[in-house]
Amino acid sequence: MSKFIELTVYTTHLGSELVSDVFWNYSDSGVVINDIEDVIALSKTGKAWDYIDDEVLSGDKTVIVKGYFPEESPETVAQVELELFNLKANSDLDLGSLETVRRIVDGDLWKEQWKEHFKPIPIGKTVIVPEWIDYTPKDGEIKILLDSNMAFGTGEHETTSMCVDYLNKYVVNSDTVLDVGCGSGILGIVASKLGANEVVMTDIDECAIVATEHNMKLNGVTNGKVILKNLLDDNTVKGDVIVCNIMAEVLIAFAPYIGENLKGKGIIILSGILKDRLDKVKKAYLDAGFTFVEEKIKGEWSALVMQKESL
């Protein structure tokens, strides 16, 4: 029976996504997140348990994130721990202690068990479906298959779902859509399925390029191009709609330049923004000559739509 190193990290609700991203950079074996905030959110929908002890809801909010690595690769785990140390040292976010604990676990049944927690996610006209689930779309639904074992998630996170909402609203058949920091490729694939004429997906992470190409094949997307580069290095690539689901600081850095990649009075969809940074991002784009269109907030996260002013 195989043995694995289980690396446990203690963090916060906000930090869990960043910690998960670090894990996915080094392993395709799955990530487990235990977060009481997810229980609280589910209970508010009326779809959870009949009763939850108040002490559970008001108690310790520490989030536990676990990743798994082959027993024979302790150097990989050491590299993960170093990245977590650097993450805490270089971030002003509340990431918790980022304390780590290692242990050896037997067997690999957990590699399949984590898939049980994923379900189809309807967002507007689209429904995001993990590729291992047999799902027949309802009338009018557009099914997007996604392999969550390819270094990135299924689109359940608020930042991604808000982008998909806006793509449903703004993409039309003649559009060229640019997905900057494409990750799994979910946003570019959604744009293609919504009828975009062409989709260009860029990322500086080779794992993202592999994941995007894999998910494009799953969905039969043939009008998409995947490029390993920083989009802002090439202003000859232009789109009617640009979607960026990246952290606020990077979006702010993009503001003075990203308009060069937009056609006419193009639309830009910005997400990955903590709600307390929304005004800073909005100001950066107003200062760069964009017009405010709309914004939305889900949980601790926000998204923003801006439009290029000049023709």
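A charge sits over a ring if NZ of Lys or CZ of Arg is within 6 Å of the ring centre and within 35 degrees of the ring normal. The exercises below use that rule on a predicted model, in which local features need pLDDT of at least 70, side-chain atom pairs count only at pLDDT 80 or more, and totals for chains, interfaces and linings use all residues. Residues are numbered from 1 along each chain as its sequence is written, and side-chain values use heavy atoms, with hydrogens and water left out.

**Exercise 1. Find the ring under the charged end of lysine 296, then describe the aromatic pair of tyrosine 166 and tyrosine 170.**

Step 1. The charged end of lysine 296 lies 4.6 Å from the ring centre of tyrosine 166, over that ring.

Step 2. Tyrosine 166 also pairs with tyrosine 170, at 6.2 Å centre to centre and 50° between the planes. Ring centres of Phe, Tyr and Trp (its six-membered ring) must lie within 6.5 Å to pair; planes under 30 degrees apart count as stacked, over 60 as edge-to-face and the rest as tilted, so this pair is tilted.

Step 3. The two tyrosines are 4 residues apart in helix H6 (residues 158–170), so about one helical turn separates them. Helices here are DSSP runs (H or I, at least four residues), as are strands (E, at least two), numbered from the N terminus.

Step 4. Both tyrosine 166 and tyrosine 170 are buried (under 20% relative accessible area; exposed is over 50%, partly exposed in between; 1.4 Å probe, protein chains only).

**Exercise 2. Trace the two contacts of lysine 282, with phenylalanine 292 and with glutamate 295.**

Step 1. The charged end of lysine 282 sits over the ring of phenylalanine 292, 4.6 Å from its centre.

Step 2. Lysine 282 also forms a salt bridge with glutamate 295 (2.7 Å, N to O).

Step 3. Lysine 282 is buried at 18%; glutamate 295 is partly exposed at 32%.

Key: Salt bridge = Lys/Arg side-chain N within 4 Å of Asp/Glu carboxyl O.
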